[in-house]
Amino acid sequence: MEDQPVTPAGRLFLSPEIDQIIHGVIGGDQPIDIDRCKADLASSLLLRHPRFNSLLVVDPKTGKKYWRPTSIDIDKHLIIVPNQVCGGGDNAVNDYLSDLAVSSPLDTSKPLWEIHVLMAHTCAVFRVHHALGDGISLVKLLLTCCRREDDPTAYPLMISKDADLKDQEKYNELRAMRKKSHTVWGIVKLLWLTLLFIFKFLGRALWVKDRKTALSGGKGIELWPRKIATATFLIQDMKLVKKIIPGCTVNDVLFGVISCGLSRYLEDVHSSSSKALKNGTTLTGVAFANLRRQPGVQELTELVEGKTGKQWGNRFGMLILPVTYHKSGSNPLDYVKRAKAMIDWKKRSLEPQLSYSIGRLVMKLFGTKFASLLNYRIVCNTTFTITNVVGPKEEITMVGNKVTYMRVSSSSLPHSLTMHMLSYAGKAEMQIMVAKDLIPEPQVLAKCFEDALLEMKTLAQLAAADATNGTCAIKIASH
């Protein structure tokens, strides 16, 4: 096979300013069998992935980056850690990930991935460079190494029921929104929202910056030490909340929880200082929308083997999501209503597609260095990053070991706060990574998020009971 050029998005993720490594953690309930782990890995679809068996090479004359096929020595990619890490304890694995998040690059003398097996903690940490693909595709590729617990011969299902498609597949959801825009007024709104986004996007890259708060990051913060805490949610609780708000999705509920939790945290932190935040202060988050239809296992196999004519790589657009600070006393469900209204506007625009196209155009005209600086400034001028990936709905096994949890995080960014959520078997766990000198207790922030959802759930249950009884004791804001 010949060398393949690194895609534009891949070059961006390889730049020193953005350099991103995805950290996926899979925990088991039994000790990991290393010999079986090596055997299963050797025969897996993972190692047939064209990027997982390619070296990153740089042309010394032009500076262009390429993927060069090579042979794989599994022993060089499998790092066995026999003893407890970071002093042991409940947060030891998160502390280990925190250390990996800063100044722990992957070795370029081999393909850009490795697996750390933490024997004492019965878990494996998958480190994969973001240049190899987007998070959703890589999670699905990783899951081809797993099997369903109720059927050891079957791959995990990301979506188990057709009735859940509209909640789980953003691709179909976005297409439905586009169909509603196929009117004169819909086209006018689409053009207006898209034009508005261009100005906001350029503004964020050039001069518009969030107000400084206890959560603010900035240039150089990516080099500061990190700390990680985990917030755990029940998917059923989110679905219960979304049912009482017409047209609401799980993503709307998630962003409502984020908005409510951040408001609670900021009110507590700023109340003890002289710099109290004004009600209505806007903070901005950066999220990413996948622009490809998610492949199933069979399609994934064909894609790896080059039978579909499609290419591997990152294909997603950037979304700029505002969060409005509100003091305590607000109905928690109001946050979900506001989140839904904002996200609905985003769906009616071409924001993710346009940000992807702008990024490609800038890279083509001005090069990777300029494009990476542009993205770096956008991150510096906003407050947080959030991602959300849908995982398997049923319990699964890996290397014959029942999987007890799945989590995902990444290497550090100029943000002092990044949040990565991955769902598994009815639960969603969000890794909250912070610059610990700015946010010393991320577990407090995690509890703010968890409490926000529980309060929403209680109000949703009361509202559902009132509706059943024909009463209206709770008024859910419609604004």
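**Side-chain contacts and packing in a predicted model**

A polar contact of 3.4 Å links the side chains of serine 410 and glutamine 20. The model is predicted. Serine 410 lies in strand E14, which covers residues 401-410. Its relative accessibility is 5%, so serine 410 counts as buried; the cut-off for burial is under 20%. A polar contact of 3.1 Å also connects the side chain of serine 410 with that of histidine 420. Beyond four places in sequence, serine 410 touches Gln20, Ile21, Ile22, His23, Ala101, His420 and Met433.

Serine 372 belongs to helix H14, residues 368-380. Serine 372 is buried, with a relative accessible area of 0%. The side chain of serine 372 forms a polar contact of 3.1 Å with the side chain of glutamate 17. Glu17 is also one of the residues that serine 372 touches; the others are Leu12, Ser15 and Ile18, with residues up to four places away in sequence left out.

Lysine 38 sits in helix H2, which spans residues 34-42. Lysine 38 has a relative accessible area of 30% and is therefore partly exposed, the range for this class lying between 20% and 50%. The side chains of lysine 38 and aspartate 75 make a polar contact of 2.9 Å. Lysine 38 touches Ile74, Asp75 and Leu78, leaving aside residues up to four places away in sequence. For isoleucine 74, the separation from lysine 38 is 36 residues in sequence. In space, the C-alpha atoms of lysine 38 and isoleucine 74 are 7.1 Å apart.

Burial was next considered for a whole helix. Helix H5 comprises residues 135-143, and nine of its nine residues are buried. H5 is therefore largely enclosed by the rest of the structure. The buried residues of H5 are Gly135, Ile136, Ser137, Leu138, Val139, Lys140, Leu141, Leu142 and Leu143. A lysine, Lys140, is among them.

Helix packing was described for one pair. Two packed helices are described by the angle between their axes and the distance between the axes. For helix H12 (residues 332-347) and helix H15 (residues 442-469), the angle is about 95°. The axes of H12 and H15 are 8 Å apart. An angle from 65 to 115 degrees counts as roughly perpendicular, and H12 and H15 are therefore roughly perpendicular to each other. On the H12 side, the contact is made by Pro332, Leu333, Tyr335 and Val336. H15 contributes Glu455, Met456 and Leu459. By class, the contact of H12 with H15 holds six nonpolar residues, one charged residue and no polar residues. Glutamate counts as charged, and Glu455 of H15 is part of this contact.

The strands were then inspected. Three strands form an open sheet in the order E1-E4-E3, and their pairing is antiparallel. Strand E1 (4-5) and strand E3 (54-58) are the edge strands, each pairing on one side only. Strand E4 covers residues 65-69 and is joined to E1 by two bridges. E1 and E4 run antiparallel. Proline 5 has tyrosine 66 as its bridge partner in E4.

Key. Residues numbered from 1 in each chain as written. Predicted model: local features only at pLDDT ≥ 70, side-chain atom pairs only at ≥ 80, totals over all residues. Heavy atoms only, no water. Axes fitted to C-alpha atoms, helices over the stretch in contact; angles between N-to-C directions. Helix = DSSP H or I, 4+ residues; strand = E, 2+ residues; numbered from the N terminus. Parallel < 35°, antiparallel > 145°, perpendicular 65-115°, else oblique. Contact = heavy atoms within 4.5 Å. Pairing = 2+ DSSP bridges. Buried < 20%, exposed > 50% of the residue type's maximum accessible area, 1.4 Å probe, protein only. Polar contact = N/O pair within 3.5 Å; in protein donor to acceptor, adjacent residues only side chain to side chain.
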